[in-house]
Structure formats: structure tokens, C-alpha cells
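Could you walk me through this structure step by step?

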Amino acid sequence: MGNLAAAGFGALASLVVVALGAWLQAQRERRHWLRDQELRGAVDYLTSTRYLLSQYRKVGELGMDQDDRREWRNRMQSARSTLSLLCSARTVSLANDVAEALYHLGPDSDEAQKAAAESAFQNLVWQLRKELGSPQLDG
């Protein structure tokens, strides 16, 4: 009877260890998936906003090819939605600041507006690096 109880306890302990291992693995995979999604959203947002910031400064929103502008704005908005769903409130706020600064730029923008847009963009980059656990650059 003692051997049967020991075998039952051993089997139960094995099941608990397997279940715990599966749960830990699922948590690890979820964290990796979430970070990958955040990274994808961050790259898409930064790429599209950097392009639009550059174009808006050069030719303004109305001076751009409208199909090109629409495509880049759609990419920006899709990435912004990803950031809104997965990132911290601070990151979302900074992404909104970049979008706001973007819409105020044009070829006739003064240096203060251009500097504000660039500053908003750089603040977002640093926040995303912090949130994603990326190494910080010096300077």
C-alpha cells in the first residue's frame, strides 16, 4: 500500500511539474510575442512618421503626391493603433505628440515648429527604446 501511495504521489508531482513547465513556457512565449508586436508597431510608426516629417518639411502635405501621402498616413495610423493597444500610456502620449507636430509642419514652417516636431520624434524614440528594453545611445 505504501508503494502505491508513493507511486501515486510521484505521478501527481510529475503532472504538477509538467503543468507548471507548460504554463511558464506559455508565459515566456506570450512575452516574446508581445515584445515582437510592440517592436513591429514601433518600427512601422517611426519609419512612417520619419518619412512624413521629412516630406512635410520639404513640400508640405499638399505638395506631396496624394496617393503616397495617403499610403504613408495609413501605415502611420495602423502602427499608431498597435502602439495604443500594446504600449504604455506615456508611449501613446508621445506618439500622439509626434502626430500632432507632424500635422503642423509645412515648407513655410518656422524653425521652432521644425524643432518641436524633431524633439517630439526623438522623445518617442527614447521612450520606445526604454519600453522595449533596447540599449540606450550615448548623447
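Let's start with Gln-55, which is buried: its relative accessible area is 18%, and the cut-off for buried is under 20%. Keep in mind that this is a predicted model. You'll find Gln-55 in helix H1. Leaving aside residues up to four places away in sequence, Gln-55 touches Gly-60 and Met-64.

Now look for aromatic rings that pair up. The structure holds one such pair. The partners are Tyr-51 and Trp-72, and because their ring centres are 4.3 Å apart and their planes sit at 25°, the pair is stacked; planes under 30 degrees apart count that way. Tyr-51 belongs to helix H1 (residues 2-63) and Trp-72 to helix H2 (residues 66-86), so the pair ties together parts that are 21 residues apart in sequence. How open are the two partners? Tyr-51 has 24% relative accessibility, so it counts as partly exposed. Trp-72, at 14% relative accessibility, counts as buried.

From Trp-72 in helix H2, let's move on to how helices pack. Two packed helices are described by the angle between their axes and the distance between the axes. Take H2 and H3: their axes come within 9 Å and cross at roughly 160°. The crossing of H2 and H3 is left-handed. Which residues do the touching here? On the H2 side they are Arg-73, Met-76, Arg-80, Leu-83 and Ser-84, and they meet Val-92, Ala-95, Asn-96, Ala-99, Leu-102 and Tyr-103 in H3. Sort the residues of this H2 and H3 contact by type and you get seven nonpolar, two polar and two charged.

Next comes helix H3 (residues 89-103) with helix H4 (residues 111-132), whose axes come within 9 Å and cross at roughly 155°. H3 and H4 are therefore roughly antiparallel to each other, and their crossing is left-handed. In H3, the residues in contact are Arg-90, Thr-91, Leu-94, Ala-95, Asp-97, Val-98 and Ala-101; facing them in H4 are Ala-116, Ala-117, Ala-120, Phe-121, Asn-123, Leu-124, Gln-127, Leu-128 and Glu-131. The residues of the H3 and H4 contact split into 10 nonpolar, three polar and three charged.

Note on methods: Residues are numbered from 1 along each chain as its sequence is written. This is a predicted model: local features need pLDDT of at least 70, side-chain atom pairs count only at pLDDT 80 or more; totals for chains, interfaces and linings use all residues. Side-chain values use heavy atoms; hydrogens and water are left out. Axes are lines fitted to C-alpha atoms, for helices over the stretch in contact, and angles run from 0 to 180 degrees between N-to-C directions. Helices (H or I, at least four residues) and strands (E, at least two) are DSSP runs, numbered from the N terminus. Angles under 35 degrees count as roughly parallel, over 145 as roughly antiparallel, 65 to 115 as roughly perpendicular and the rest as oblique. A crossing is left-handed if the near helix is turned anticlockwise from the far one by less than a right angle, and right-handed if clockwise. Contact means heavy atoms within 4.5 Å. Ala, Val, Leu, Ile, Met, Phe, Trp, Tyr, Cys and Pro count as nonpolar, Asp, Glu, Lys and Arg as charged, and the others, Gly among them, as polar. Rings of Phe, Tyr and Trp (its six-membered ring) pair if their centres lie within 6.5 Å; planes under 30 degrees apart count as stacked, over 60 as edge-to-face and the rest as tilted. Buried means under 20% relative accessible area, exposed over 50%, partly exposed in between (1.4 Å probe, protein chains only).
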